[in-house]
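This report describes a structural model, with attention to individual residues, the pairs they form and the chain as a whole. The sequence and the structure are shown first.

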Amino acid sequence: MFIAAFVYLDSRYTQFRGSLTELRGVKLADARDEVLYRLGTPSHVIDPKTLDSPEAQRFQLVYSVNAEPDDVNRMPAGKRIEDYLEWSYEASGDPARLTVTFGANGQVKSLGVYCTSAKCWEAIAGIEGGATEEEVLRLGTPHVVKVESATKTVVFEDLGVKVYLTKGKAYMVEISGPQQPGSSRFRHFIHTLL
């Protein structure tokens with residue numbers, strides 16, 4: 001019985017650890033070609049340019065990749081998806097939006113998933129879409145908690161996990177990979193006990 005419990009907990013930890021570095025078949029440090037292979041062409045790209053005023057710098061320009069020529073939101077002429085460091089995937093029938101952010105080296109730097117309906121993404125660090133704030137805090141004490149307008153951002157730096165909540169529910173999670181060796185086992189242990 002002890003061995004069966006150990007095997008079960010070990011497999012759960014392996015899932016937990018994997019969710020810190022992989023989302024929908026895409027892994028941190030994957031190249032753009034691998035992302036295209038796994039997910040296809042993104043539906044949108046996000047322009048990293050910021051505008052002059054401090055207020056405008058909080059906004060990003062989002063372009064549709066396969067828009068009609070007269071669509072004002074289409075990608076600028078002469079630009080390719082490879083010219084952008086952030087790709088977004090939205091598929092009809094899928095309530096979740098996946099965002100892939102690349103570093104300057106062209107490898108995946110972070111992965112994010114956004115959705116306002118419950119359980120619309122696979123568990124990431126044990127957190128599912130629509131998880132309550134209490135369920136998020138089962139991971140232990142966050143390194144950063146920031147409230148801005150209607151959003152609370154909870155950051156577990158050692159895990160490389162950011163959780164965005166509104167009205168006490170998780171609507172977005174971003175992963176950038178564990179930053180401290182061993183911390184994922186400790187946090188998984190805490191999460192499992194609570």
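Predicted model: local features only at pLDDT ≥ 70, side-chain atom pairs only at ≥ 80, totals over all residues.

## Asp-47 and Tyr-84

Leaving out residues up to four places away in sequence, Asp-47 touches Gln-60, Leu-61, Tyr-63 and Tyr-84. Asp-47 belongs to strand β3, which covers residues 44-47. Its relative accessibility is 8%, so Asp-47 counts as buried.

Tyr-84 is placed in the loop that runs between β4 (61-64) and β5 (86-89). Because its relative accessibility is 2%, Tyr-84 also counts as buried. Along the chain, Tyr-84 and Asp-47 are 37 residues apart, while their C-alpha atoms are separated by 6.3 Å.

## Overall architecture

The protein chain has 4 helices and 11 strands. Of its 194 residues, 37% are buried. Among the contacts in the protein chain with a separation of 6 or more, 49% are between residues 24 or more positions apart.

Asp-30 is located in the loop between β2 (26-27) and α2 (32-39). Which side chain of opposite charge is nearest to Asp-30? That side chain is Arg-38, 5.6 Å away. A salt bridge requires a side-chain nitrogen of Lys or Arg within 4 Å of a carboxyl oxygen of Asp or Glu. Asp-30 is thus buried yet has no salt bridge.

The side chain of Asp-30 does reach a backbone atom: the nitrogen of Lys-27, at 2.8 Å. Beyond its neighbours within four places in sequence, Asp-30 is in contact with Gly-25 and Val-35, and also with Gly-106, Gln-107 and Val-108.

## Salt bridges

Side chains of opposite charge can pair when their charged atoms come close. The structure holds 5 salt bridges, and three of them are described here, beginning with the pair formed by Lys-152 and Glu-133. The N to O distance between these two side chains is 2.7 Å. This pair links distant parts of the chain, since Lys-152 is in strand β9 (residues 151-156) and Glu-133 is in helix α3 (residues 133-136), 19 residues apart. Lys-152 has a relative accessibility of 23% and therefore counts as partly exposed. Glu-133, at 22% relative accessibility, is likewise partly exposed.

In another salt bridge, the side chains of Glu-82 and Arg-80 meet at 3.8 Å, N to O. Glu-82 counts as partly exposed because its relative accessibility is 29%. Arg-80 is partly exposed as well, with a relative accessible area of 49%. A further salt bridge joins Lys-146 to Glu-148, where the closest N and O atoms are 4.0 Å apart. Both partners fall in the partly exposed class: Lys-146 has a relative accessible area of 44%, and Glu-148 has one of 39%.

## Aromatic pairs

A pair of aromatic rings is described by the distance of the centres and the angle of the planes. The count of aromatic pairs comes to 4. One of them is formed by Tyr-114 and Tyr-171, which lie 5.6 Å centre to centre with 80° between the planes, an edge-to-face arrangement. Tyr-114 lies in strand β7 (residues 108-114) and Tyr-171 in strand β11 (residues 169-175), so this pair ties together parts that are 57 residues apart in sequence.

Tyr-171 counts as buried, at 15%. Ring pairs also bring in Tyr-164, linking Tyr-114, Tyr-164 and Tyr-171 into a cluster.

## Disulfide

A disulfide is a covalent bond between the sulfur atoms of two cysteines. How many disulfides does the structure hold? The structure holds 1 disulfide, formed by Cys-115 and Cys-120. Their sulfur atoms are 2.2 Å apart. Both Cys-115 and Cys-120 are buried.

Conventions: Residues numbered from 1 in each chain as written. Heavy atoms only, no water. Disulfide = S-S within 2.5 Å. Buried < 20%, exposed > 50% of the residue type's maximum accessible area, 1.4 Å probe, protein only. Helix = DSSP H or I, 4+ residues; strand = E, 2+ residues; numbered from the N terminus. Lys, Arg positive; Asp, Glu negative; His and termini not counted. Polar contact = N/O pair within 3.5 Å; in protein donor to acceptor, adjacent residues only side chain to side chain. Contact = heavy atoms within 4.5 Å. Phe/Tyr/Trp six-rings, centres within 6.5 Å; stacked < 30°, edge-to-face > 60°.
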